[in-house]
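Here is a friendly walk through a two-chain model, written for someone who likes to know the cut-offs behind each value. Please keep the structure open while you read.

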Amino acid sequence: MLLANKKHGESLQEKGDGSPLAMGRSLKGHSVSRSNRSIFIDLLQFFLLMMFLVWVGWRGVEAMEYRWQWYRVPDFFYKQIDNEIIWGPLIYGLQITLYVSAWGMVLALLIGLITAFLRLSNSISGRLVARVYLETIRNTPLLVQVSIFYFVLQPILGINNPLWTGILCLAFFEGSFASEIIRGGIVSVEKGQWEASKTIGLNRWKAYVYVVLPQAVPIMLPPLTGILVNLIKHSAILSFVAVFELTTEARNLIADTFMSFEIWMLVGGMYLVMTIALSTLVGFFERRVRGAR
Amino acid sequence: MDPAKNQLKWGPMDVVVIALLVSFCIYVFHRVDSVLIYTWDWSVIPGYLFRWDEEANKFLPNLLIKGLITTLRISFWALVLSSIVGVLLGIARTSERLLPRMIGWLYVEFIRNIPPVPFLFLFYFFISSQVIPHLGLRENVDALAPQSKFLVETLFGPSNLIENFLSGVLSLALMSAAYIAEIVRAGIQSIPKGQIEAGRTIGLSSGQIMRYVILPQAIQKVIPPLAGQFITLIKDSSLVALISIQELSFLAMEIAISEQRFFEVWISVGLMYFSVCFTCALVFRRIETRWNK
């Protein structure tokens, strides 16, 4: 969530990230050399705390007299009938989520690239269009954007498939972040590089293609991967309209089976696996880029 | 050549941009006018903004304005609550001990990696429909003396919706706290190490260093992104419409369905969100520049 905060967040967050074990910098300088015994005790306490939370949750659910039906869960993924595997609704939902995220990423990059070039150009109307687009996206909620795309733009533009309305909407939303990242990457290339390419007689486009972009792209890559993570997360909002992605399938399953606890925990876990895997990849990229510079 | 210092001017690119814009507008107009044959009826909107009250003999806010007020109330209280939790988590994440660091890390990563929509549904099933009704909040508010009830209702909205309101605030605050924790952590870590060493030199304990040296400086750095967080909360509060919290987007959905006026209602609601968020953004930006002088 908290989508637009990235503007502030990114600049601040660069100073430190990673797991708590790696974050040695703290109030006392010698904290890194704290004894292993203390770390062991902390880990133990952490473990006990987690056990306690699980116990509280468990008691809460028991007090409601909820009947767990985990044994029905595999059917939501696949069924085996006569040696033939039939995929379940959660797998279909997952496919749509990934499909939406992949196409959304491609289109968001395209929109971001066009917007970034418009903002960096010296054309008055180009900058104005980019500015209006960015302010509109930034100052309205994604849910309202989805509604406007679905209820207003879809009939007006004559899009037949709600799936593509959803993809377009997400692409326009994430495109605003992509444009900031791309612009930042291009601006971060030193001025001397532009001057040098001018000196050897390259025109503006050749300077972009041969000199600036090859240097800017490695800087942009890690935050752009972050957009893919956001796309997976935000695609869940499409469950508001008729897009049958993972969250919609989960809601339908719950309406059929009343297994709300199992299904939400499962679906939450599925999202967590996807986003954490991608975030780890982003962290890996970031360290490589930082190491290379 | 350097794009950062281009002079604005009209050029061939403007022709392309304007031509594309004009053709898009003509296409939209053609679709609405000749293909959909849609008759606009904006007259339904003002009636939902304000209504004439016979008894009071004056205009009173109707659903859309009430929804907007609820949205602002939810965002404000969520900001207050999540700032408290977020500051504690942020301090925990910079602690010298492993245990608080791990707790902070777990919370932040969990919230940041799970999409808001499944999180809201998890929250709805586990807390808002199981725990909050047992608090007896509504009865307590109704039992208050008229004056204090008036105060509570101005702060938190009408008593018949107060439980609904509370779950909206709680769910948003839980999500926002993770992001505020990151802002606070970055603020604390941006304080130069020399400050801490100086504090230790004059004999302050680490608690005192936190209170008298780090926090006063960190808070100054943290306030601009916190203001941005308020705008983010206004936008994200539209998501709680999915769990039937009666704020602007939820009421917009209901009005659009009951009036069968999707175009007009969603466009107006989009404009309402835009004007509120954009004004806030301008005001915060102005305060920030004045502050930095």
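A salt bridge here is a side-chain nitrogen of Lys or Arg within 4 Å of a carboxyl oxygen of Asp or Glu. Before using that rule, a word on the ground it stands on. This is a predicted model, in which local features need pLDDT of at least 70 and side-chain atom pairs count only at pLDDT 80 or more, while totals for chains, interfaces and linings use all residues. Residues are numbered from 1 along each chain as its sequence is written, chains are lettered from A and ligands numbered from 1 in the order in which they are written, and side-chain values use heavy atoms, with hydrogens and water left out.

**Salt bridges**

Side chains of opposite charge can pair when their charged atoms come close. Over all chains, a search of the whole structure finds 10 salt bridges. Three of them are set out below.

| Pair | Closest N to O distance |
|---|---|
| B:R112 and B:E182 | 3.9 Å |
| B:R261 and B:E264 | 3.3 Å |

Start with the pair B:R112 and B:E182, whose closest N and O atoms are 3.9 Å apart. This pair links distant parts of the chain, since B:R112 sits in helix α4 of chain B and B:E182 in helix α8 of chain B, 70 residues apart. Helices (H or I, at least four residues) and strands (E, at least two) are DSSP runs, numbered from the N terminus. How accessible are the two partners? Buried means under 20% relative accessible area, exposed over 50%, and partly exposed in between (1.4 Å probe, protein chains only). On that scale B:R112 is partly exposed at 22%, and B:E182 is buried at 2%.

In the pair B:R261 and B:E264, the closest N and O atoms lie 3.3 Å apart. Here B:R261 is buried, with a relative accessible area of 18%, and B:E264 is buried too, at 0%. Elsewhere, salt bridges that share partners tie B:R93, B:E109, B:R112, B:E182 and B:R185 into one network.

**Where the chains meet**

The size of an interface is often given as the accessible area lost when the parts come together. Buried area is that loss, taken with a 1.4 Å probe and summed over both parts. For chain B and chain A it comes to about 8,200 Å², 70% of it on carbon and sulfur atoms. In terms of contact (heavy atoms within 4.5 Å), 86 residues come from chain B and 84 residues from chain A.

Across the interface of chain B and chain A, 13 residue pairs are in polar contact, with both residues at pLDDT 80 or more. Among the elements giving two or more residues to the chain B side are α1 (12-35), α4 (98-113) and α8 (162-189) of chain B. The most comes from α12(B), with 12 residues. By residue type, the chain B side divides into 54 nonpolar, 16 polar and 16 charged. Ala, Val, Leu, Ile, Met, Phe, Trp, Tyr, Cys and Pro count as nonpolar, Asp, Glu, Lys and Arg as charged, and the others, Gly among them, as polar.

The expected span of a helix is 1.5 Å times one less than its number of residues. With 24 residues, α1(B) reaches 33 Å from its first C-alpha to its last, close to the 34 Å expected. Its buried residues are B:D14, B:V17, B:R31 and B:V32. The cover over them includes α4 (89-120), α5 (124-138) and α6 (142-157) of chain A. Just after α1(B), B:I37 takes a positive phi of about 50 degrees.

The 12 residues of α11(B) should span 16 Å, and the end C-alpha atoms are 16 Å apart, which agrees. Buried residues of α11(B) include B:L248, B:F250 and B:M253. Their cover includes α6 of chain A together with α2 (44-49), α3 and α12 of chain B.

How values were computed:
Buried area is the accessible area (1.4 Å probe) that two parts lose on being put together, summed over both. A polar contact is a pair of N or O atoms within 3.5 Å; within protein, one must be able to donate a hydrogen and the other to accept it, and residues adjacent in sequence count only if both atoms are side-chain atoms.
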